[in-house]
Structure formats: C-alpha cells, structure tokens
Amino acid sequence: MNIDKIKGYFNISKKAGYVIIGGEKLEKYNKKLYLIIYDASAQKNTLKVVEKFKDSNIKIIKLENLEKLININNCKIIGIKNKNLSDIIINLIN
C-alpha cells in the first residue's frame, strides 16, 4: 500500500468536492456513491452507517489511521462519489 499516493488521491478528491465526510452526511446522502472507507477504530454509530450500505453495490474498505491519510482530525468515515478516483484508490489500497 503506497501511503503517499493514497494521500495524494484523497487530497485530489477533497479539493474536487468528491468526498462526503462523516456518518451523518453519508446517511443523508442519496445520490450515487462508489466507495466508503471507514477507520478500524470506528465506534458503534459509524458501524451502523457501514451496515446500512453493506447491501448496496458500494465497495466498503476498512483502514487504519484514516484521519492521517485524509488529513482531517477525528475523521472515521468518508464516501467517494467519483468512479475513476474510487477505482484508483481501491487499486492502491489492494
């Protein structure tokens, strides 16, 4: 896993407005999502949001230290709404 490249693509996604940050915003978001990434240390409420999306066609990935990768304090879950960036991030993580 190339951490610098992943950080770069997260940064590009954030600047372009393709990132939904936080469980409450993700729960209310009803448009197309391609990727959900959550922190390994996420608590019960965040895991409820993850469970809500498990039945859909959205790829869900669990990562360590998500807040450091995306450079947002106390960030436990994000959603990516761009297919190309999602595919690139998935390939970099795997």
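User: Where is the place of Asn74?

Analyst: This is a predicted model. The place of Asn74 is in the loop between helix 4 and strand 4. Its relative accessibility is 59%, and exposed means over 50%, so Asn74 counts as exposed. The place asked for is the loop between helix 4 and strand 4.

User: What is the phi of Asn74, which is not a glycine?

Analyst: The phi of Asn74 is positive although the residue is not a glycine. The value is about 60°.

User: Asn71 is not a glycine either; what is its phi?

Analyst: Asn71 lies in the loop between helix 4 and strand 4. With 63% relative accessibility, where exposed means over 50%, Asn71 counts as exposed. Its phi is positive, at about 65°.

User: How do helix 1 and helix 5 run relative to each other, roughly parallel or roughly antiparallel?

Analyst: Two packed helices are described by the angle between their axes and the distance between the axes. For helix 1 (residues 3-16) and helix 5 (residues 83-93), the axes are 10 Å apart and the angle is about 165°. Angles over 145 degrees count as roughly antiparallel. Helix 1 and helix 5 are therefore roughly antiparallel.

User: Which residues of helix 5 make the contact with helix 1, and what is the hand of the crossing?

Analyst: Helix 1 passes helix 5 in a left-handed crossing. On the side of helix 1, the contact is made by Lys5, Ile6, Tyr9, Phe10, Ile12 and Ser13. By class, the contact has nine nonpolar residues, one polar and one charged. The hand is left-handed, and the residues of helix 5 are Leu85, Ile88, Ile89, Leu92 and Ile93.

User: Which residues have the most contacts inside the largest nonpolar core?

Analyst: The largest nonpolar core has 17 residues. The elements that give two or more residues to this core are helix 1, strand 2 (35-39), strand 3 (59-63), helix 4 (66-70), strand 4 (77-80) and helix 5. Those with the most contacts inside the core are Phe10, Ile37 and Ile78.

User: What does Phe10 touch, not counting residues up to four places away in sequence?

Analyst: Phe10 is one of the residues with the most contacts inside the largest nonpolar core. Leaving out residues up to four places away in sequence, Phe10 touches Ile37, Leu66, Leu69, Ile70, Ile78, Ile80 and Ile89.

User: How many residues does the other core have?

Analyst: This core lies apart from the largest one, and among its residues are Ile36, Ala42, Val50 and Ile77. The count is twelve residues.

User: Is Val49 buried or exposed?

Analyst: The place of Val49 is in helix 3 (44-54). Not counting residues up to four places away in sequence, Val49 touches Gly23, Leu26, Glu27 and Ile77. Its relative accessible area is 2%, and buried means under 20%, so Val49 is buried.

User: Is Ser86 buried or exposed, and where does it lie?

Analyst: Ser86 lies in helix 5. Not counting residues up to four places away in sequence, Ser86 touches Tyr34, Leu35 and Ile80. With a relative accessible area of 0%, where buried means under 20%, Ser86 is buried.

User: What is the relative accessible area of Ser41?

Analyst: The place of Ser41 is in the loop between strand 2 and helix 3. Ser41 is partly exposed, a class that lies between 20% and 50%. Its relative accessible area is 38%.

User: Which residues is Lys62 in contact with, leaving aside its neighbours within four places in sequence?

Analyst: Lys62 lies in strand 3. Lys62 has a relative accessible area of 53%, and exposed means over 50%, so Lys62 is exposed. Leaving aside neighbours within four places in sequence, the contacts are Tyr38 and Ala40.

User: How far are Lys32 and Glu67 separated, C-alpha to C-alpha?

Analyst: Lys32 is in the loop between helix 2 (23-28) and strand 2, and at 51% relative accessibility Lys32 counts as exposed. Lys32 and Glu67 are 35 residues apart along the chain. Their C-alpha atoms are separated by 23 Å.

Technical notes
Residues numbered from 1 in each chain as written. Predicted model: local features only at pLDDT ≥ 70, side-chain atom pairs only at ≥ 80, totals over all residues. Heavy atoms only, no water. Axes fitted to C-alpha atoms, helices over the stretch in contact; angles between N-to-C directions. Helix = DSSP H or I, 4+ residues; strand = E, 2+ residues; numbered from the N terminus. Parallel < 35°, antiparallel > 145°, perpendicular 65-115°, else oblique. Left-handed = near helix turned anticlockwise from the far one by under 90°. Contact = heavy atoms within 4.5 Å. Nonpolar A, V, L, I, M, F, W, Y, C, P; charged D, E, K, R; others polar. Core = buried A, V, L, I, M, F, W, Y, C linked by side-chain atoms within 4.5 Å. Buried < 20%, exposed > 50% of the residue type's maximum accessible area, 1.4 Å probe, protein only.
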